[in-house]
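I opened my notebook to go through this model and write down what I looked up. The entries follow in the order I made them.

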There are 2 protein chains.
Amino acid sequence: MKNIIIASTSTIHGSGYLDYILDNLSTFFKGIEEILFIPYARPSGISHDDYTRTVRVAFYKINKNVTGIHTYKNPVEAVKKAKAIFIGGGNTFVLTNQLYKNDLIVPLQSAIKKGTPYLGTSAGSNICGLTIKTTNDMPIVYPPSFKALGFVPFNINPHYLDPDKNSKHMGETRETRIKEFHNFNTQPVIGLREGSWLEVNNNSIILKGALTARVFEYNKLPYEVDSGTDLSHLK
Amino acid sequence: MKNIIIASTSTIHGSGYLDYILDNLSTFFKGIEEILFIPYARPSGISHDDYTRTVRVAFYKINKNVTGIHTYKNPVEAVKKAKAIFIGGGNTFVLTNQLYKNDLIVPLQSAIKKGTPYLGTSAGSNICGLTIKTTNDMPIVYPPSFKALGFVPFNINPHYLDPDKNSKHMGETRETRIKEFHNFNTQPVIGLREGSWLEVNNNSIILKGALTARVFEYNKLPYEVDSGTDLSHLK
């Protein structure tokens with residue numbers, strides 16, 4: 001009984017925070033008045049209060065209240081009691097570290113298993129996979145583990161970026177990096193382009209948004225899947 | 001008594017492996033016949049043998065022999081006895097993990113302290129800093145620590161890339177990532193563009209190559225330094 005949105009990004013170039021997906025969120029969070037926001041990923045190092053304020057302004061447009069988990073004395077209880085949960089983007093290592101520090105891994109898994117709607121964007125989507133080993137982020141803190149929440153049986157690569165054929169830069173392309181991942185790991189990786197998201201409903205995992213996504217399976221050539229494809233067979 | 005080259009990249013767009021820096025390496029490794037190569041970073045997952053072969057071909061042009069550390073029964077002894085050491089690029093997490101697994105951190109530090117010439121490129125340069133927390137690589141394996149060799153009193157960001165002002169991609173720029181690093185860490189970071197390297201000689205740390213480098217100090221605006229600048233005052 002899962003009910004999850006795993007979005008590549010919170011923001012699309014040229015529009016406001018969550019704007020591109022707000023209509024869908026209005027349906028997704030139907031009947032829910034208050035969303036628990038987990039601001040741990042701290043994009044650009046902003047404070048939990050500032051980050052929560054940004055999120056609150058966005059959700060105000062669809063008549064939802066937002067409270068930051070940092071305002072609760074007991075974050076575990078806050079997760080248990082939440083009617084809906086949103087984890088936003090920022091740095092995946094900072095986020096993961098903070099989830100472990102606050103003993104939130106198992107409570108989040110239990111809440112989502114029993115059907116609490118969950119929205120993740122960027123770093124908040126990375127942690128929906130089996131591990132954070134396909135994050136694009138800089139490892140600015142050392143978390144106790146790279147194991148993530150495992151809401152889906154594969155890994156996520158958010159902000160997926162196609163190789164720039166005109167680039168003279170010698171750093172690895174995203175595709176090369178994911179290929180290297182598969183020298184040491186066997187689970188599939190979904191490269192979600194900005195504007196795409198996965199909608200998990202019980203056992204279905206449907207690609208949404210206008211774009212295709214790139215699927216990387218162990219020992220296979222990467223391939224594109226269309227919006228509307230069910231990816232629940234991947235594991 | 002240090003003698004180190006810390007290069008942003010092994011290869012510049014449009015030229016062969018190490019070609020751009022080979023004249024300097026000929027001087028740097030003067031009088032040395034054999035270089036110990038550590039292929040642990042496995043770019044694109046290639047085998048230690050294949051990687052060593054590429055390196056051997058390049059160094060053959062300046063009349064140096066190359067042996068891979070994986071061909072020695074005892075890698076610690078190999079480092080102790082080496083006349084010169086080269087660690088090439090690939091994945092910084094894979095490299096770091098393998099250095100810890102083979103107990104090579106302290107032996108490398110001792111060898112370099114007593115003056116064994118060391119060349120690093122890309123991942124092999126990342127590990128010359130205090131930590132690997134400013135690598136650009138994907139965290140495809142979980143190393144026992146992010147602490148690195150600490151040959152210089154700051155962190156390295158190789159393949160440094162300026163923001164693309166025309167990009168519509170919402171993923172963080174390199175500068176944003178390093179700014180986030182400084183929310184959790186205080187050491188300086190040197191952004192080394194491809195074609196730049198640092199030459200460490202006893203207590204001097206000189207920027208070499210045609211380009212400027214970008215210096216990120218805690219609580220300061222980032223700034224450029226010219227080739228020829230001594231960076232040994234940074235810490």
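I looked up what the buried residues of α7(A) pack against, and found β6, β7 and β10 of chain A. The model is a predicted one.

I then listed the residues of helix α7, which spans residues 174-181 of chain A. Arg174(A), Arg177(A), Ile178(A), Glu180(A) and Phe181(A) are buried there, buried being under 20% relative accessible area. Looking down the axis of α7(A), I noted that the buried residues fall within an arc of 155°, so they line one face of the helix.

Next I turned to the strands. I asked in which order the four strands of the open sheet in chain A lie. The order is β6-β7-β10-β11, and the pairing is mixed. I marked β6 (155-157) and β11 (223-225) of chain A as the edge strands, since each pairs on one side only. From one strand to the next, the twist averages 30°.

I checked one pair in detail. Strands β7 (residues 189-191) and β10 (residues 213-216) of chain A run antiparallel and are joined by three bridges. Val189(A) has Phe216(A) in β10(A) as its bridge partner.

Last, I compared the chains. The same surface serves both copies, as 100% of the contact residues of chain B recur in chain A.

Definitions and conventions
Residues numbered from 1 in each chain as written. Chains lettered and ligands numbered in written order. Predicted model: local features only at pLDDT ≥ 70, side-chain atom pairs only at ≥ 80, totals over all residues. Heavy atoms only, no water. Pairing = 2+ DSSP bridges. Helix = DSSP H or I, 4+ residues; strand = E, 2+ residues; numbered from the N terminus. Axes fitted to C-alpha atoms, helices over the stretch in contact; angles between N-to-C directions. Buried < 20%, exposed > 50% of the residue type's maximum accessible area, 1.4 Å probe, protein only. Arc of directions from axis to C-beta. Contact = heavy atoms within 4.5 Å.
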